[in-house]
Amino acid sequence: MKKKITLKHIARELEVSISTVSKALKNSEEISRDTKEKVQAFAKLYNYRPNNIAISLKNKRTRNIGVIIPDIVHHFFTTVFRGIEKFANSRGYNVIICVSDESFDKEVINMEMLANGSIDGFIMSLSAETQQKNDFNHLKEVTEQGIPLVLFDRVTDEIECDKVIINDKEVAYAAVQKMIDSGKRKIALVTTDSYFNVSKKRAEGYKKALADNGIPFNEKFVLTLPYQEIDNSYIERFFAVNDIDAVLCVNELFAIHCMGAVQSLGRRIPDDVSFIGFTDGLLSRYSVPSLTTVAQHGEQMGEMAAQMLIEKIETEIEEHEEETYRTEIIEATLLESESTK
């Protein structure tokens with residue numbers, strides 16, 4: 001099967017501008033017969049087909065932004081959406097939101113539904129299944145046609161686009177260091193599968209903090225939970241068989257479940273076991289005791305993502321210019337509460 005090509009590929013191969021390729025394929029009188037024949041022959045050889053949906057999206061400004069998030073349960077994603085909407089509305093844009101429910105298929109369907117000429121660009125965080133499958137063709141099709149895309153939080157290096165993330169590794173390191181400084185040595189990590197880029201980075205920070213303090217990494221102290229349908233009996237067994245005095249959780253939902261399991265075993269928080277979790281949502285504030293958290297500043301992340309997307313939408317790239325992309329890093333912070341000393 002021949003590789004799918006775009007206007008950009010044809011232009012690069014024939015050393016002409018993208019505009020020249022586009023006009024040649026439309027048989028424009030502005031283009032010489034020789035150039036038209038070369039372009040059309042090349043396009044035919046590689047079975048080039050224009051993406052009419054993408055073309056319509058690029059050429060017609062709607063002042064609508066499409067947002068796809070993986071979940072509405074987690075407080076973090078709702079705060080990001082709030083930030084997106086706040087900034088977009090201030091610039092005269094409307095926001096259309098879809099939820100992938102951590103499903104690859106639903107993520108693809110959402111993109112196809114929104115890319116019908118009704119929006120000017122996408123802001124999204126990858127679903128669990130998309131990261132698990134490592135399949136980003138639906139994103140590549142969009143970006144290769146010049147449709148602006150900004151990824152936030154759950155991102156991939158496979159796609160060239162603007163991104164907004166937090167300093168996951170560094171803040172996880174700081175969280176573990178705080179627990180070590182308070183006298184904790186047997187520190188567990190409660191995480192998801194490593195195909196989540198954020199979980200992978202947080203695990204790296206956890207391991208580095210242990211290593212820098214001369215604490216051996218113990219694989220038995222890592223509890224990997226599914227991103228859906230948490231089994232409390234599994235969590236209780238983990239804490240029953242392991243002598244643990246502190247826990248870093250990659251999200252607040254895991255932290256609340258684990259705190260409940262520890263308390264059911266008769267252990268006190270934070271005297272016997274300290275807890276730190278990512279995301280400072282309602283669960284963290286109203287848990288007993290209240291949870292020390294990593295504030296991910298979701299609203300700030302959403303505002304930044306919307307600003308980056310609107311800049312791309314409203315900036316015309318000259319034909320001779322190479323498009324550039326940037327990654328903005330939001331500095332997360334520790335919010336101390338009752339679950340740590």
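Mentor: Happy to. Helices (H or I, at least four residues) and strands (E, at least two) are DSSP runs, numbered from the N terminus. With that in hand, helix 10 gives the most to the lining of the second largest pocket, namely four residues. Keep in mind that this is a predicted model, where local features need pLDDT of at least 70 and side-chain atom pairs count only at pLDDT 80 or more, while totals for chains, interfaces and linings use all residues. Residues are numbered from 1 along each chain as its sequence is written, and side-chain values use heavy atoms, with hydrogens and water left out.

A pocket here is an open set of points on a 1 Å grid over the protein atoms alone, where a 1.4 Å probe fits, with protein on both sides within 12 Å along at least five of seven lines; lining residues have an atom within 4 Å of a point. Its volume is the space filled by probe spheres set on the points, which are joined across faces, edges and corners. For the second largest pocket that space is about 540 Å³. Its lining counts 23 residues, and Val155, Thr156, Asp157, Asn197 and Lys201 lie nearest the centre. Strand 5, helix 9 (168–181), helix 10 and strand 11 each supply at least two lining residues.

For accessibility, buried means under 20% relative accessible area, exposed over 50% and partly exposed in between (1.4 Å probe, protein chains only). Lysine 208 is partly exposed at 39%, and aspartate 212 is partly exposed at 44%.

Strands pair if DSSP finds at least two bridges between them. An open, parallel sheet of six strands runs in the order 2-1-3-4-5-11. Strand 2 and strand 11 (327–330) are its edges, each pairing on one side only. From one strand to the next, the twist averages 15°, taken between axes fitted to C-alpha atoms, on a scale from 0 to 180 degrees between N-to-C directions. Inside the sheet, strand 3 (residues 122–124) pairs with strand 4 in the parallel sense over three bridges; in one of these, phenylalanine 122 has leucine 149 of strand 4 as its partner.

Arginine 154 meets glutamate 102 in one, at 2.7 Å from N to O. Arginine 154 lies in the loop between strand 4 (149–152) and strand 5 (162–166), whereas glutamate 102 lies in the loop between strand 2 (94–99) and helix 6 (104–114), 52 residues apart. Both partners are buried.

A further bridge joins aspartate 271 and lysine 341, with the closest N and O atoms 3.9 Å apart. Aspartate 271 is in the loop between helix 12 (252–264) and strand 9 (274–278) and lysine 341 in the segment after strand 12 (333–335), so the bridge ties together parts 70 residues apart in sequence. Here aspartate 271 is partly exposed at 40%, while lysine 341 is exposed at 51%. The structure holds 20 salt bridges, and a network of them links Arg82, Lys86, Glu299 and Glu303.

Note on methods:
A salt bridge is a side-chain nitrogen of Lys or Arg within 4 Å of a carboxyl oxygen of Asp or Glu.
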